[in-house]
Amino acid sequence: MDTRLPIWRRRRLFFPQIVILIVVCYWRRNIDVILREPQHDIDSMHNFWQELKKPIIAIAPMAGITDSAFRFLCKEFGADVVYTEMTSIDALYYNSKKTLAMLEFQKKEKPIVLQLFGKRPELVAKAVEIATEAGFDGIDLNFGCPAPKVVRHEGGVMLLKKLNLCRELVQAVCEATKLPVSIKTRVSIGSGKEKKTALDFIEKIKDLPVAGLMLHGRTFEQGFSGDIDFDAIKSVKKKFKGIVIANGGINTPEDAKKMIDLTGADGVGLARGLYGRPWLARQVDDFLEKGKYVSPTLSQIKKTALRHAELNYKTKGDYGIVELRKHLCWYFRGFLESRK
Ligand SMILES: Cc1cc2nc3c(=O)[nH]c(=O)nc-3n(C[C@H](O)[C@H](O)[C@H](O)COP(=O)(O)O)c2cc1C
């Protein structure tokens with residue numbers, strides 16, 4: 001071709017290239033749309049939540065507590081579903097070895113939900129991909145943690161103040177996985193005009209395929225003590241289309257029954273009530289089904305503590321035994337001469 005010709009006269013060379021360019025752009029656009037669409041709707045995914053018998057007895061996520069050994073033990077004592085400790089999206093994104101090690105679990109813990117926390121939607125896809133490959137049954141997002149180190153970075157419960165960002169995060173998880181997605185939050189944060197509630201949150205995400213919600217019936221301001229707002233949980237249960245697990249202040253089987261009766265929730269999330277009592281799930285199940293339950297004898301408690309030690313050692317080696325100390329205090333709290 002004569003390069004001395006002005007550019008508009010070199011039509012024969014440019015025409016095929018322009019056609020290819022248009023086709024590529026169009027294809028890229030479609031691919032983008034496909035990639036950005038949620039990977040599933042609630043009906044088409046494998047939603048283990050819907051397969052669990054109700055009321056569901058869940059082991060709520062607890063950092064420093066619900067490690068693999070503890071979850072395994074709770075599962076042996078009849079828990080229906082267990083949550084991991086909260087796991088940083090950023091740390092997974094940057095392949096933190098310590099965080100990747102936290103993803104290990106045993107098959108008997110299933111169904112198991114990985115709880116993620118973070119506030120950067122752009123990092124979510126990779127973290128979710130890692131989680132999906134690790135074999136979890138569901139992915140949960142934390143919108144309830146009031147821990148100072150999380151709150152300082154405007155994560156956890158502080159996200160409730162920015163409902164658009166909450167939505168972006170939930171959407172990013174839904175788009176990145178076929179696993180059922182759930183969220184965990186508190187009844188509210190703030191007061192007056194600034195107040196944001198769990199109801200505002202579910203309204204914001206009502207078109208997204210969110211399969212479950214664990215609701216802690218306390219406000220951010222209450223922290224970890226004070227009365228549970230049963231009415232707030234009940235209103236959320238009425239509005240939310242997925243499974244609702246009610247959480248907060250469940251220390252006995254009677255507390256669990258009260259929670260279900262007053263809120264109509266699909267299940268309960270056990271947390272600090274499990275301290276030194278991993279058998280609480282079995283007691284709750286027995287009480288809800290038969291109206292009675294038994295308490296373990298001292299020798300059964302010793303046996304359980306030894307089992308816990310064995311599992312901790314198996315999963316964490318010597319350090320697992322160091323970590324066991326807090327659990328031992330809880331197991332034998334209240335027994336004569338337990339300090340020895
Ligand atoms: C030590 C500890 C760690 C916790 N870690 C988490 C966590 O990682 N993710 C989360 O969503 N909630 C976490 N929570 C909150 C619990 O899941 C639960 O919502 C809260 O303790 C209220 O339930 P309870 O009154 O029965 O203990 C934690 C609570 C405690 C006490």
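**Reading a loop, a core and a ligand shell**

User: Where is the place of E104?

Analyst: E104 lies in the loop between helix 4 (97–101) and strand 4 (112–117). Helices (H or I, at least four residues) and strands (E, at least two) are DSSP runs, numbered from the N terminus. The model is predicted: local features need pLDDT of at least 70, side-chain atom pairs count only at pLDDT 80 or more, and totals for chains, interfaces and linings use all residues. Residues are numbered from 1 along each chain as its sequence is written.

User: Does E104 count as buried or exposed?

Analyst: A residue is buried with 20 or more other C-beta atoms within 10 Å of its own, exposed with 12 or fewer, and partly exposed in between, with C-beta atoms placed from the backbone. E104 counts as exposed because it has 11 C-beta neighbours inside 10 Å. Its C-alpha atom is 9.8 Å from that of F136, 32 residues apart along the chain.

User: How many of the 340 residues are buried, and which residues touch the most others in the largest nonpolar core?

Analyst: In soluble globular proteins, nonpolar side chains tend to be buried together. Here, 41% of the 340 residues count as buried. A nonpolar core joins buried Ala, Val, Leu, Ile, Met, Phe, Trp, Tyr and Cys residues through C-beta atoms within 7 Å. The largest one holds 80 residues, and A58, I139, V170, V173, V268 and L270 touch the most other members. Helix 7 (residues 163–176) supplies the largest share of this core, seven residues.

User: Which residues come nearest to the ligand?

Analyst: Near means a C-beta atom, placed from the backbone, within 6 Å of the molecule. Of the 22 residues around the ligand, A60, P61, M86, A271 and R272 come nearest.
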